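This report walks through selected features of one structure, from the surroundings of its ligand to a packed pair of helices and a few individual residues. Please keep the sequence and the coordinates at hand while reading.

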Amino acid sequence: MTDDAPLPRDDPDAPLLRAEGLRLGYDGRTVVNGLDLEIPPGRVTVIVGANACGKSTLLRALARLLAPRGGSVLLDGRALRSVPTRELARQLGILPQSPVAPEGITVADLVGRGRSPHQTWWRQWSARDERAVSEALAATAMEDLADRPVDELSGGQRQRAWIAMAVAQETPLLLLDEPTTYLDLAHQIDVLDLVADLNRREGRTVVMVLHDLNHACRYADHMVAMKGGKVVAEGEPSTIVTEDLVRDVFGLRCHVGSDPVSGTPLVIPIGRHHAPTAS
Ligand SMILES: Nc1ncnc2c1ncn2[C@@H]1O[C@H](COP(=O)(O)OP(=O)(O)OP(=O)(O)O)[C@@H](O)[C@H]1O
Ligand SMILES: [Mg+2]
């Protein structure tokens with residue numbers, strides 16, 4: 001590709017996912033009320049916020065795993081509830097926060113399930129499915145574990161198996177709820193680099209929830225900060241991540257500097273036991 005060739009992430013056909021006046025809740029409780037959000041197509045959006053502020057609830061509603069109590073989620077202008085299930089599964093893949101694998105399933109079979117939206121009764125399993133599964137296993141360094149039962153893996157290996165499944169689904173929209181949970185630092189970076197590759201090389205639109213603000217700042221084109229079920233700030237990390245925002249969203253005193261590797265904001269928590277030293 002030459003320098004001035006358009007990047008795949010500027011694909012005008014990238015799907016547009018939008019929430020309008022979204023109200024979400026469980027039983028008698030409202031968690032999200034009147035939320036408006038547009039996911040920039042062909043970009044990486046990272047949602048951050050304190051525990052229980054509604055990030056997973058929002059992500060599940062964006063993937064139709066949770067029905068809105070009010071307002072709507074729109075995919076290319078169409079209400080998500082009216083999109084046929086198979087079509088939605090070809091457009092949008094989600095890795096929930098705590099997925100549960102069928103008992104005894106192997107890694108290869110779990111990843112293979114990511115291909116089911118692409119199969120029909122007359123075409124059950126194709127060379128393309130095979131290739132998507134082996135590429136996803138390779139990208140997540142899971143090839144050597146392909147024949148192992150998922151329930152016998154370590155937490156980090158299991159998490160990578162689920163990421164491989166979402167990758168194998170080959171959807172233009174990928175929603176990931178804390179994809180780096182359980183992973184050691186090297187594997188966290190591997191997974192985040194993989195997500196960035198999927199975005200840059202294939203133009204996939206990504207929405208992910210991350211707790212590590214510094215990773216969020218490095219990998220997000222667009223950051224959404226949530227508090228109490230509402231969006232309190234959104235935009236490029238370098239424009240929204242400030243000491244005041246971190247205090248408001250997390251109740252945490254911090255210093256915001258510049259990441260010496262990426263130049264993106266670097267959030268350094270202060271805590272009660274450390275006073276900032278003069279530099
Ligand atoms: N299935 C459920 N039934 C009832 N309440 C729920 C359910 N799932 C979440 N909640 C509640 O909704 C609120 C928001 O939860 P949610 O899982 O969206 O938070 P989160 O921002 O993803 O938090 P975390 O960072 O801990 O993953 C919490 O108060 C939680 O207790
Ligand atoms: Mg969550």
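## The shell around ligand 1

Ligand 1 is surrounded by Tyr 26, Val 31, Gly 49, Asn 51, Ala 52, Cys 53, Gly 54, Lys 55, Ser 56, Thr 57 and Gln 97. The model is a predicted one, and the description of this shell, like everything that follows, should be read with that in mind. Sorted by class, the residues of the shell comprise four nonpolar, six polar and one charged. Among the elements of the chain, helix 1 makes the greatest contribution to the shell around ligand 1, with three residues.

## Helix 1 and the residue after it

Helix 1, which spans residues 55-62, is mostly covered, since six of its eight residues are buried. The buried residues of helix 1 are Lys 55, Thr 57, Leu 58, Leu 59, Ala 61 and Leu 62, and of these Lys 55 and Thr 57 also belong to the surroundings of ligand 1. Helix 1 is followed by Arg 64, which has a positive phi, near 65°.

## How helix 4 and helix 5 pack

Two packed helices are described by the angle between their axes and by the distance between those axes. Helix 4 covers residues 127-139 and helix 5 covers residues 155-168, and their axes come within 8 Å of each other and cross at roughly 140°. An angle over 145 degrees would count as roughly antiparallel, and helix 4 and helix 5 are therefore classed as oblique to each other. The crossing in which helix 4 passes helix 5 is right-handed.

Which residues of helix 4 meet helix 5? On the side of helix 4 they are Ala 132, Val 133, Ala 136, Leu 137 and Ala 139, and their counterparts in helix 5 are Ala 164, Val 167 and Ala 168. By class, this contact of helix 4 with helix 5 consists of eight nonpolar residues, with no polar and no charged ones.

Apart from residues up to four places away in sequence, Arg 158 touches Val 150 and Leu 153. Between the C-alpha atoms of Arg 158 and Gly 228, which are 70 residues apart along the chain, the separation is 31 Å.

Gln 159 also lies in helix 5, but Gln 159 counts as buried because it has 22 C-beta neighbours inside 10 Å. When neighbours within four places in sequence are left aside, Gln 159 is in contact with Thr 181, Tyr 182 and Leu 183. Gln 159 and Gln 97 are 62 residues apart in sequence, and their C-alpha atoms are 9.7 Å apart in space; Gln 97 is one of the residues that surround ligand 1.

## Val 224 in strand 9

Val 224 lies in strand 9, which runs over residues 222-227, and Val 224 counts as buried because it has 24 C-beta neighbours inside 10 Å. Leaving aside neighbours within four places in sequence, the contacts of Val 224 are Leu 37, Thr 45, Ile 47, Val 231 and Glu 234. From C-alpha to C-alpha, Val 224 and Ala 132 are 31 Å apart in space, and 92 residues apart in sequence; Ala 132 is among the residues of helix 4 that meet helix 5.

## Positive phi in two loops

Asp 76 has a phi near 50°, a positive value in a residue other than glycine, and Asp 76 is found in the loop between strand 4 (70-75) and strand 5 (78-79). Is Asp 76 buried or partly exposed? Asp 76 counts as partly exposed because it has 13 C-beta neighbours inside 10 Å.

Glu 178 likewise has a phi near 50°, a positive value in a residue other than glycine. The loop that holds Glu 178 lies between strand 7 (173-177) and helix 6 (185-202). Glu 178 is buried, because 20 other C-beta atoms lie within 10 Å.

Conventions. Residues are numbered from 1 along each chain as its sequence is written. Chains are lettered from A and ligands numbered from 1 in the order in which they are written. This is a predicted model: local features need pLDDT of at least 70, side-chain atom pairs count only at pLDDT 80 or more; totals for chains, interfaces and linings use all residues. Axes are lines fitted to C-alpha atoms, for helices over the stretch in contact, and angles run from 0 to 180 degrees between N-to-C directions. Helices (H or I, at least four residues) and strands (E, at least two) are DSSP runs, numbered from the N terminus. Angles under 35 degrees count as roughly parallel, over 145 as roughly antiparallel, 65 to 115 as roughly perpendicular and the rest as oblique. A crossing is left-handed if the near helix is turned anticlockwise from the far one by less than a right angle, and right-handed if clockwise. Two residues are in contact if their C-beta atoms, placed from the backbone, lie within 7 Å. Ala, Val, Leu, Ile, Met, Phe, Trp, Tyr, Cys and Pro count as nonpolar, Asp, Glu, Lys and Arg as charged, and the others, Gly among them, as polar. A residue is buried if 20 or more other C-beta atoms lie within 10 Å of its own, exposed if 12 or fewer, and partly exposed in between; C-beta atoms are placed from the backbone. A residue is near a molecule or strand if its C-beta atom, placed from the backbone, lies within 6 Å of it.
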